[in-house]
Amino acid sequence: RVPVEDRAMSWQFLIDMHASLAAELGNGCTCALNSYQTVGDKDLAGEWQGDFGKDPSVCLPWCVRALAAATTTRSLVETILRAAALSGDATLAHDARGAPYFGRADVFVSYFWAAPLSELLAALDDGGGASTGARFFWVDIFAVAQCKHTPEAVAHNKADVGAFETVLAAVSETWLWCKPWHDPATFGRVWCLFEALKTVDFGKKLRLVMAAEEKAALRETLVERIEDIMGIISSVDAAKANATNLADKTMIFGKIDAREGGVAQFNADLIAALRGWLLDAARAELDAMVSERGDDDLDANTLRNVVAVLLNRLGHYGEAERLFRKVLAVRKSALGDKHPRVATSLSNLASVLQAQGKLGEAERMLRDVLAIFKSALGDNHPNVGGVLNNLAGLLQDQGKLAEVESMYRDALAIYKSALG
């Protein structure tokens with residue numbers, strides 16, 4: 001058999017395959033065609049076929065299972081390569097320019113079968129630039145043996161399903177499809193979560209890809225509601241994820257349980273990896289926005305603040321400090337020294353300075369924040385209470401105890417007055 005990691009396909013193959021399906025079925029049906037239907041689990045009306053559709057005799061003639069069943073009982077990629085070898089027709093395994101359709105995997109594509117194949121391809125190109133470069137993409141519906149109608153076919157499928165980690169170890173990165181971006185279906189699929197974390201375990205890059213409209217919505221939310229995105233990521237829980245095949249779910253959870261720390265550590269590591277992706281995505285959006293609007297644009301500066309907040313939370317204090325200082329400078333220039341948003345920037349900068357042990361400078365900034373908030377909001381505003389509380393803690397850390405008790409008491413009084 002062709003080694004499983006060598007069954008990846010070029011972008012041109014994916015485009016040509018999609019075009020051939022469109023020629024067979026018409027554009028209307030092809031737009032809704034998902035992986036279950038492409039493999040042969042469902043007919044075009046969405047009905048389950050036979051015993052989970054795994055009998056190729058009930059598959060439509062163009063389905064992956066039907067194409068492989070009477071020949072190799074192996075993957076579609078292997079079937080095409082065998083046909084090219086036996087017929088002597090190399091064009092079966094090459095595109096119109098003579099470039100090979102198949103090769104060693106560069107990118108592992110992690111997605112869910114219920115979604116339309118056309119939408120997956122759009123996300124790969126819009127989100128990852130799949131049409132650029134000469135990469136080979138490993139897509140399981142074409143790279144894995146899908147037939148299960150004979151003992152030999154079952155053995156081929158079982159071997160391939162058990163070899164996903166081999167592929168993940170061979171690729172340079174995994175592209176995890178996100179749709180919708182605010183509640184990705186892939187986050188609820190145990191296979192996808194497992195693939196994402198194994199990518200990180202192997203030291204490879206994890207990239208979340210989405211179509212253009214999803215990227216636009218993400219950019220807007222990065223600027224306006226970063227806490228919502230952080231909440232989505234923090235809520236990922238492998239224990240709540242599902243798989244279509246119960247045996248697959250059992251196998252994957254066995255691997256998760258065998259991993260040090262079990263499900264809890266799996267979740268923690270996966271969330272950390274997703275936060276890392278979010279940071280990379282926010283950086284990329286910031287670079288794009290600065291390029292479009294200029295370095296001192298206020299919306300770009302808001303996104304710069306988001307990136308700095310993420311860096312601070314992830315412990316990248318030096319880079320966070322640099323960006324917080326830039327955010328502060330832009331806000332001072334645009335709003336003046338005494339604006340509440342300037343005070344917020346000073347507070348953010350003080351927090352990252354405190355994390356680095358620069359307590360004297362952090363104290364000076366928090367005192368400036370306190371003065372601005374009192375002037376702009378009044379002495380009894382909850383924001384004033386928050387600064388008093390933070391400043392008291394900072395003074396306590398420095399052993400400057402003279403003001404600490406009175407600040408805590410003042411903060412408590414403000415909170416009681418405002419919140420009850």
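Tutor: The model is a predicted one, in which local features need pLDDT of at least 70 and side-chain atom pairs count only at pLDDT 80 or more, while totals for chains, interfaces and linings use all residues. Residues are numbered from 1 along each chain as its sequence is written, and side-chain values use heavy atoms, with hydrogens and water left out.

Student: What makes E5 largely enclosed by the rest of the structure?

Tutor: A residue is buried under 20% relative accessible area, exposed over 50% and partly exposed in between (1.4 Å probe, protein chains only). Five of the five residues of E5 are buried, and therefore E5 is largely enclosed by the rest of the structure.

Student: Which strands pair with E5, and in what sense?

Tutor: Two strands pair if DSSP finds at least two bridges between them. E3 and E5 are joined in the parallel sense over four bridges, with Ser 110 opposite Leu 176 in E5. E5 and strand E6 (residues 205-209) are also parallel, over five bridges, and here Leu 176 stands opposite Leu 208 in E6.

Student: What is the handedness of the β-α-β unit made by E5, H10 and E6?

Tutor: The unit of E5, H10 and E6 is right-handed; a crossover is given that name if, with the strands pointing away from the viewer, the path from the first strand over the helix to the second runs clockwise.

Student: What makes strand E2 (102-103) and E6 the edge strands?

Tutor: The open sheet has six strands in the order E2-E1-E4-E3-E5-E6, with mixed pairing. E2 and E6 are the edge strands, as each pairs on one side only. Elsewhere in that order, strand E1 (residues 8-10) and strand E4 (residues 136-138) run antiparallel and are joined by two bridges, with Met 9 opposite Phe 137 in E4.

Student: How many aromatic pairs does a search of the whole structure find?

Tutor: The search finds 13 aromatic pairs. Phe 13 and Phe 142 form an edge-to-face pair, at 5.8 Å centre to centre with 85° between the planes. This pair links distant parts of the chain, Phe 13 in helix H1 (residues 11-25) and Phe 142 in helix H7 (residues 140-143), 129 residues apart.

Student: Why is the pair of Phe 13 and Phe 142 called edge-to-face?

Tutor: Rings of Phe, Tyr and Trp (its six-membered ring) pair if their centres lie within 6.5 Å, and planes under 30 degrees apart count as stacked, over 60 as edge-to-face and the rest as tilted.

Student: Are Phe 13 and Phe 142 buried or exposed?

Tutor: Phe 13 has 4% relative accessibility and therefore counts as buried, and Phe 142, at 1%, counts as buried too. Tyr 36 and Trp 113 form an edge-to-face pair as well, at 5.5 Å centre to centre and 70° between the planes.

Student: Which residues form one aromatic cluster?

Tutor: The cluster consists of Phe 108, Trp 138, Phe 164, Trp 191 and Phe 194.

Student: How do you know that Lys 198 lies over the face of Phe 202?

Tutor: A charge sits over a ring if NZ of Lys or CZ of Arg is within 6 Å of the ring centre and within 35 degrees of the ring normal. Lys 198 lies over the face of Phe 202 at 5.0 Å from the ring centre.

Student: How do you know that the span of helix H16 (residues 317-335) agrees with what it should be?

Tutor: The expected span of a helix is 1.5 Å times one less than its number of residues. The 19 residues of H16 should therefore span 27 Å, and the end C-alpha atoms are 26 Å apart, which agrees. The buried residues of H16 include Leu 323, Phe 324 and Arg 331, and what covers the buried residues includes helix H15 (298-313) and helix H17 (340-355), where contact means heavy atoms within 4.5 Å. H16 is followed by Gly 336, whose phi is positive, near 95°.
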